[in-house]
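Subject: Structure for you to look at

Hello,

Here is the structure I promised to pass on. Please open it and keep it beside you while you read the notes below.

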Amino acid sequence: MARFEDSFWGTDFCSTQGFETLLARMKEGSNMCKELEDFLKHRAKAEEDYAKTLQKMVKSAGDGGEIGILRNAWDTVRKETEHLANVHMTMSQSLTKEAEDIRGFRKLQEQSRKETEEDNMKYTRLKRDLYKKTMDAKKSYEQKCREADGAENAYSTSRVTAQQKEIDKLKKKASGARQQAEQADTAYKSCVEGLEQSRVSWEKCHAHSCQVFQKMEEERIMFLRDKLWVHSNLGSMICVQNDEHYEDMRKALEHCDEVKDISLFVNTKKTGTQRPAPVVYESYYPDGTKSAKRFAVSPLHRDRPSTMSSRPPEPLPQIGSPASAAPNLPAKDKQRSISHGRYGDEDDFYTEVSLDFGYGEADSHGGAYATVQETRTQRFSSPASPNFGEGDTVKVAFDYDSQGQQELTLRKGRHIRVLKRENDLWWHGEMDGKIGVFPSTYVEPISLI
């Protein structure tokens with residue numbers, strides 16, 4: 001395996017390129033740790049939100065009024081969904097713990113990197129300072145040597161031509177220059193020795209830094225690999241657990257039987273087995289005949305939805321004695337027909353009902369009241385009709401309750417002024433300021449009363 005210790009040096013004595021390259025790598029590794037830490041935190045947050053959403057869904061989901069096996073399956077789905085929420089919440093907690101572990105690892109690596117960086121930079125600065133001092137000592141040494149050589153050359157030349165006093169002066173100067181050169185040489189040598197010691201120390205520190213950084217990088221790579229592996233395992237485990245819960249849902253759904261559920265609903269909620277009877281046709285005419293002349297109906301009766309059979313029987317007024325019931329009618333007439341006729345054009349039709357006055361022997365009503373019977377009887381004319389014209393006044397002989405707003409309500413003894421005779425059965429008249437139609441068979445001429 002390649003080693004940092006063998007690969008990050010430089011020929012320049014003061015160069016720090018190798019260390020700076022390793023230092024940059026350490027910082028990049030720390031950034032990578034931070035990226036994975038944030039990634040796991042966001043993933044944990046997403047799992048937590050998803051778990052909370054599932055829990056909220058389960059709490060808000062009602063039964064919808066469902067019954068039977070499908071209700072049991074729906075309960076299982078809600079229960080297993082709650083378990084899914086717990087699984088995702090557990091994964092969120094695990095991912096959060098992994099992110100915290102990465103954060104702690106990153107902090108330790110940053111601390112170790114800073115310590116190594118400080119040691120290396122200390123030796124680097126010392127080496128750089130000694131190198132500068134050595135270079136300065138070297139320049140001074142070289143300068144002193146040049147000066148000593150010049151002084152000695154001047155002294156050698158002056159011995160031939162110069163005076164003794166001048167020669168002694170040059171000799172003393174040459175001797176002093178040599179001494180300075182020797183001193184510069186000593187200083188220079190001392191600097192070189194010190195620089196060499198510094199270089200050795202720096203190399204040891206740099207080699208140690210390379211070893212530390214390589215170890216940190218190896219640990220970081222393996223650590224992040226393990227954390228990514230754990231992340232993958234957690235994802236795989238949650239998929240397995242999810243599938244187990246979904247399998248439980250599928251098992252519950254396999255028991256669903258629409259026949260059983262429908263039978264359960266019918267047995268518990270049925271309202272009855274008997275259907276309503278059909279609506280039969282009811283003829284407007286009692287005998288089902290549509291004759292334009294045979295039957296007579298009040299103008300209001302044409303719009304009434306019910307038939308004559310649905311109209312309740314009307315009691316006639318109580319009479320003191322059979323003889324006083326109709327003083328002008330023969331006793332043999334046991335039935336008096338009141339034909340309710342429609343007035344108008346030639347297409348008018350009639351319906352005929354009979355009123356049993358109960359003359360003669362006693363009947364089921366005790367001789368006091370009679371009913372309207374839907375039977376055919378012979379036609380008869382109103383007692384008021386002979387020689388009786390419009391504008392005359394008649395008197396009510398029997399009470400009559402109106403069957404509509406256009407009819408008059410008659411009370412025995414009241415007077416009605418005849419306005420118009422539509423036919424022999426229905427007349428227009430005025431009573432107490434109200435104008436309407438009334439059956440002529442319920443009135444008598446005043447002369448008959």
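First, a definition. A residue is buried when its relative accessible area is under 20%, exposed when it is over 50%, and partly exposed in between. Keep in mind that this is a predicted model.

Salt bridges

Side chains of opposite charge can pair when their charged atoms come close. A search of the whole structure finds 31 salt bridges. Here are some of them.

Start with Arg3 and Asp6. They form a salt bridge, and their closest N and O atoms are 2.9 Å apart. Is Arg3 buried, exposed or partly exposed? Its relative accessibility is 42%, so Arg3 counts as partly exposed. Asp6 has 51%, so Asp6 counts as exposed.

Now go to helix 1, which covers residues 17-60. Lys41 and Glu37 both lie in this helix. They are four residues apart, about one turn of the helix. Their salt bridge has its closest N and O atoms 3.1 Å apart. Look at each partner in turn. Lys41 is partly exposed, at 41% relative accessibility. Glu37 is buried, with a relative accessible area of 1%.

Helix 1 also holds Lys52 and Glu48. Because these two are four residues apart in the helix, about one helical turn separates them. They form a salt bridge as well, with the closest N and O atoms 3.1 Å apart. Lys52 is partly exposed, with a relative accessible area of 45%. Glu48 counts as partly exposed too, at 25% relative accessibility.

There is also a network. Salt bridges link Arg25, Glu28, Glu217 and Arg220.

The sheet

Strands of a sheet pair through backbone hydrogen bonds, either parallel or antiparallel. In what order do the five strands of the open sheet come? The order is 7-6-5-4-8, and the pairing is antiparallel. Strand 7 (434-439) and strand 8 (443-445) stand at the edges. Each has a single partner strand, so one side of each is left without a neighbour in the sheet. From one strand to the next, the twist averages 45 degrees.

Look at one pair in detail. Strand 5 (residues 415-421) and strand 6 (residues 426-431) run antiparallel. How many bridges join them? Four bridges do. At Arg421, the bridge partner in strand 6 is Trp427.

Best wishes

Methods
Residues numbered from 1 in each chain as written. Predicted model: local features only at pLDDT ≥ 70, side-chain atom pairs only at ≥ 80, totals over all residues. Heavy atoms only, no water. Pairing = 2+ DSSP bridges. Axes fitted to C-alpha atoms, helices over the stretch in contact; angles between N-to-C directions. Salt bridge = Lys/Arg side-chain N within 4 Å of Asp/Glu carboxyl O. Buried < 20%, exposed > 50% of the residue type's maximum accessible area, 1.4 Å probe, protein only.
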